[in-house]
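Please look over the sequence and the fold before reading on.

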Amino acid sequence: MTHAVDVVEAAAIALHQGSWIPSGDERALGQAFFSHRAALEQRLLPGMPASQDPQGWVTQHVLWLQDAAALADQLVAQWYAYLPGSYMTALLAAYADRIRPVLPLAARLHESWEAERPEPLTQETVAWWEEWHMPAAERKQLDELTHQTIIIGSVLVTAVGDN
């Protein structure tokens, strides 16, 4: 028998073993999360020029994560009374919880941008500003956090897709 180490792994195991077959309401919640998350805009800090890189600025990713966590929290708050103890609400709560460590970084980036916006606002100066305000170790943590949310997202996709 496989033993889960957290709710994400427990949900994945339950899906795989067939002990959790998401209800219509659970699938609706997951679908709502994915549709609203897909609609989240890539925000820039005020006055920040768009990046010429198709992936955008790292700052945009941080702000998107902030918005995705808020969305997950909002949906859990709205649906928890209907789905108490559900793996789906637990997965969305875990998604927001995994992102939560990035929230102080998002706030710090806003404050730093307001206090010391680079001049002139070119691709090079903004790239330098990001490197200065998000050192390599912090970017590595951001990558790890993003990877963890991808894992949770994979379990959510599986749950929404299973009928």
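This is a predicted model: local features need pLDDT of at least 70, side-chain atom pairs count only at pLDDT 80 or more; totals for chains, interfaces and linings use all residues.

Residues are numbered from 1 along each chain as its sequence is written, and side-chain values use heavy atoms, with hydrogens and water left out. The chain holds 7 helices and 0 strands, where helices (H or I, at least four residues) and strands (E, at least two) are DSSP runs numbered from the N terminus.

**The chain as a whole**

- Along the sequence, the elements follow the pattern α-α-α-α-α-α-α, and the C-alpha atoms fill a box of roughly 60 × 30 × 25 Å when taken along the principal axes.
- Of the 163 residues, 40% count as buried, a label for residues under 20% relative accessible area, with exposed meaning over 50% and partly exposed in between (1.4 Å probe, protein chains only).
- When contacts between residues at least 6 apart in sequence are considered, 74% of them join residues at least 24 apart, with contact meaning heavy atoms within 4.5 Å.

**Helices α2 and α3**

- The axes of helix α2 (residues 24-38) and helix α3 (residues 58-79) come within 10 Å and cross at roughly 155°; axes are lines fitted to C-alpha atoms, for helices over the stretch in contact, and angles run from 0 to 180 degrees between N-to-C directions.
- The two helices α2 and α3 are therefore roughly antiparallel to each other, since angles under 35 degrees count as roughly parallel, over 145 as roughly antiparallel, 65 to 115 as roughly perpendicular and the rest as oblique.
- The crossing of α2 past α3 is right-handed; a crossing is left-handed if the near helix is turned anticlockwise from the far one by less than a right angle, and right-handed if clockwise.
- On the α2 side, the residues in contact are Asp25, Ala28, Leu29, Ala32, Phe33, His36 and Arg37, and they meet Trp64, Ala68, Leu71, Ala72, Leu75 and Trp79 of α3.
- The residues of this contact divide into 10 nonpolar, 1 polar and 2 charged, where Ala, Val, Leu, Ile, Met, Phe, Trp, Tyr, Cys and Pro count as nonpolar, Asp, Glu, Lys and Arg as charged, and the others, Gly among them, as polar.

**Helices α1 and α4**

- Helix α1 (residues 7-17) packs on helix α4 (residues 87-99) at an angle of about 145°, with their axes 9 Å apart, and α1 passes α4 in a left-handed crossing.
- Here Val7, Val8, Ala10, Ala11 and Ala14 of α1 meet Tyr87, Ala90, Leu91, Ala94 and Arg98 of α4, which by class gives 9 nonpolar, no polar and 1 charged residues.

- The axes of α5 and α6 are 11 Å apart and the helices pack at an angle of about 130°, which makes α5 oblique to α6.
- The crossing of α5 past α6 is right-handed, and the contact is made by Leu105, Arg108, Leu109, Ser112 and Trp113 of α5 together with Val126, Trp129 and His133 of α6.
- Pro120 lies in the loop between α5 (103-115) and α6 (123-133), and the peptide bond that leads from Glu119 to Pro120 is cis, with omega near -10°.
- For background, most peptide bonds are trans.

- Thr59 has its place in helix α3 and counts as buried because its relative accessibility is 0%; leaving aside neighbours within four places in sequence, Thr59 is in contact with Leu45, Met48, Leu109, Trp129, Glu130 and Met134.
- Gln60 also lies in helix α3 and, at 10% relative accessibility, counts as buried; a polar atom of the Gln60 side chain lies 2.8 Å from the backbone nitrogen of Trp57.
- Trp79 lies in helix α3, and its C-alpha atom is separated by 9.2 Å from that of Asp25, 54 residues apart along the chain.

Terms used: A polar contact is a pair of N or O atoms within 3.5 Å; within protein, one must be able to donate a hydrogen and the other to accept it, and residues adjacent in sequence count only if both atoms are side-chain atoms.
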